[in-house]
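Let's take a walk through this one together. Have the viewer open and follow along.

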Amino acid sequence: MTGAALQGLHTAVLGRRAIYLEETDSTNRYLKEAGESLPHGTLCYTGRQTSGRGRLGRDWTAPDGAALAMSVLLRGAADADWSGLPLVCGIAVAAALDRLAGERAGMPFRIKWPNDIICAGRKMCGILCESSQGETGRFAVAGIGVNLTQMEADFRGAGLPHAGSVRMLTGISLSLGETAAAILNELEALWDLYAREGFASLRGPYEERCITLGREVRLLSPDGGFLAAGRAAGLVEDG
Ligand code: BTN
């Protein structure tokens with residue numbers, strides 16, 4: 001994996017202001033703290049994230065240079081409900097990775113509800129969206145971590161037997177920059193639609209990529225306690 005250049009970026013706004021960091025503790029933390037003075041669509045990205053934040057207070061770790069950590073700053077209406085944003089990002093990532101690698105390799109990238117990106121049963125990407133209230137208004141930070149070049153032994157060594165990378169599953173090595181650009185290319189139109197109409201208009205595209213539907217599932221509380229079981233039939237309007 002080489003290259004931080006945002007090769008192939010064809011957005012109007014997202015990523016036009018880009019901050020590449022050789023190393024940072026967390027791209028989400030960086031944008032949350034600096035975001036007040038930054039424009040809508042600012043991208044912060046790195047291949048060396050030392051203290052990444054994951055969902056449910058977990059860590060998100062990756063060996064140096066083997067994974068993309070990116071965050072995008074998004075601004076919308078003051079009273080907007082952004083609870084569907086992680087799902088919107090999921091559509092963007094699955095579509096981008098399919099375009100860059102999955103279609104060529106015959107290995108589809110799909111979404112496990114709510115927003116894990118899965119290829120051949122392995123988790124390839126994690127998404128964590130946070131929001132911040134500054135003096136100039138509220139903004140969201142969409143954080144996306146994509147495993148690019150790690151191999152089986154890296155994940156086993158890290159105690160992550162269910163994780164995979166794009167190279168491991170497709171044989172294709174993607175650069176940081178081309179991956180970030182492809183995700184932003186997908187995210188721009190999705191975000192515009194989501195900000196205008198809410199998640200309902202994206203329910204179809206999401207469901208097309210969601211492997212959870214039709215399966216027997218168990219609903220667990222954040223601490224792992226059993227809440228319910230059943231067959232996942234579809235999403236409600238807000239995702
Ligand atoms: C998960 O637990 O599945 C979500 C992981 C999200 C990790 C990404 S990497 C880029 C951004 N910066 C962070 O600190 N976290 C997110």
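This is a predicted model: local features need pLDDT of at least 70, side-chain atom pairs count only at pLDDT 80 or more; totals for chains, interfaces and linings use all residues.

Residues are numbered from 1 along each chain as its sequence is written, and side-chain values use heavy atoms, leaving out hydrogens and water.

Around the ligand sit 19 residues, with Ser26, Thr27, Arg53, Arg55 and Lys123 the closest; to count, a residue needs a heavy atom within 4 Å. Ser26 puts a polar side-chain atom 2.7 Å from a ligand oxygen, and Thr27 has one 3.1 Å from a ligand nitrogen. In the side chain of Lys123, an N or O atom is 2.7 Å from an oxygen of the ligand. On its own the ligand has 420 Å² of accessible area (Shrake-Rupley, 1.4 Å probe), and the protein covers 98% of that. Strand β8 gives the largest share of the shell, four residues.

β8 spans residues 122-134 (strands are DSSP runs of E, at least two residues), and Arg122 belongs to it. Arg122 is buried, at 17% relative accessible area, where buried means under 20% with a 1.4 Å probe and protein chains only. A polar atom of the Arg122 side chain lies 3.0 Å from the backbone oxygen of Pro161.

Last stop, α2: residues 85-105, helices being DSSP runs of H or I with at least four residues. Of its 21 residues, 17 are buried. Gly106 follows α2, with a positive phi near 65 degrees.

Terms used: The expected span of a helix is 1.5 Å times one less than its number of residues. Buried means under 20% relative accessible area, exposed over 50%, partly exposed in between (1.4 Å probe, protein chains only). A polar contact is a pair of N or O atoms within 3.5 Å; within protein, one must be able to donate a hydrogen and the other to accept it, and residues adjacent in sequence count only if both atoms are side-chain atoms.
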